[in-house]
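Please examine the sequence and the three-dimensional model shown below. The paragraphs that follow lead through the packing of its aromatic residues and its cores.

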Amino acid sequence: MGEQQDVQSRGYDPGFLGTGLEPPSIDAGLLEDTVELNGSAVIPYTHFSLAVSKSRRFARWVAWNIDGGSIKRLSRQGSAFIKDSRIPEEFQNGDELYNGNRLDRGHIARRADLLWGPLPEAKRANDDSFFFTNIAPQMDDFNQSGKNGIWGRLEEAVFSDVDVQDLKVTAFGGPIFRDNDREYRGVPLPREYWKVLAYLERGALRSAAFLLTQNLNPLEALDLNEFRAFQVGISELEERTSLRFADPLRDDDGRTSLRAAGDRAPLESLADIRW
């Protein structure tokens, strides 16, 4: 399970698209709340890296690379969710949060996105995707909501709707932490998630940013409301997450005209996305 001595050299690659896309930087006031491994706040795995919040015990961000031209199909049978022994257990939420309820162990970096490269490498990525550091709580119909599972299909949509250069995409994602997040089993549960997809189209960097609002109030009542996905700007995500994204992403932010948060409608289908 996850060759932890080796994965440190196989994390997220900022130069994957041929242009420097560093992972998000964390607001200086939050650095003390960030787990460090060997003196770095960036924790590497196979094809992805992440930063973990000590107080929330979830990743604040995950950055991953997707090589659509060498994706492998691997079974998840026999793969077990596990805590990362490189990180103090006190900074990780594990099975104690998810057992006996309707919470799913949701991958932040999608397992299917990571399974590329030579087969041994793809298998390592498969194993690494199951570390709890890459997992966040999602209601059990998170990707099967009334909006046709849009959130779980964003990566597929960019490949089908855009002429993605070299079939390569870089992605970033994570939960949004709020002071008033509802506490369950002693753990505040994020109600919102974000994702950014970046790619080259005819040599130009393009990106799209998304926000998912998740209503967890019915956790015990078992009467779920819809999840709503929105296309948003990088600047809005920066405000919501206390992260700063790489300058090339911020420079591309004004390419699409998006309505203000109070006016825009949720994405009804993948066809509503402005790539």
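Does tryptophan 116 count as buried or exposed? Tryptophan 116 counts as buried because its relative accessibility is 10%, where buried means under 20% relative accessible area, exposed over 50% and partly exposed in between (1.4 Å probe, protein chains only). This is a predicted model, in which local features need pLDDT of at least 70 and side-chain atom pairs count only at pLDDT 80 or more, while totals for chains, interfaces and linings use all residues. Residues are numbered from 1 along each chain as its sequence is written, and side-chain values use heavy atoms, leaving out hydrogens and water.

Across the whole structure, a search finds 10 aromatic pairs; rings of Phe, Tyr and Trp (its six-membered ring) pair if their centres lie within 6.5 Å, and planes under 30 degrees apart count as stacked, over 60 as edge-to-face and the rest as tilted. Phenylalanine 16 and tryptophan 116 form a tilted pair, 5.5 Å centre to centre with 40° between the planes. Phenylalanine 16 is also buried, with a relative accessible area of 10%. Lysine 168 lies over the face of phenylalanine 16, at 4.9 Å from the ring centre; such a charge has NZ of Lys or CZ of Arg within 6 Å of the ring centre and within 35 degrees of the ring normal.

Turning to the cores, the largest nonpolar core has 51 residues, and Phe210 and Trp275 have the most contacts inside it. A nonpolar core is a set of buried Ala, Val, Leu, Ile, Met, Phe, Trp, Tyr and Cys residues joined through side-chain atoms within 4.5 Å. A second, separate core of 26 residues includes Phe16, Leu21, Ala63 and Ile234.
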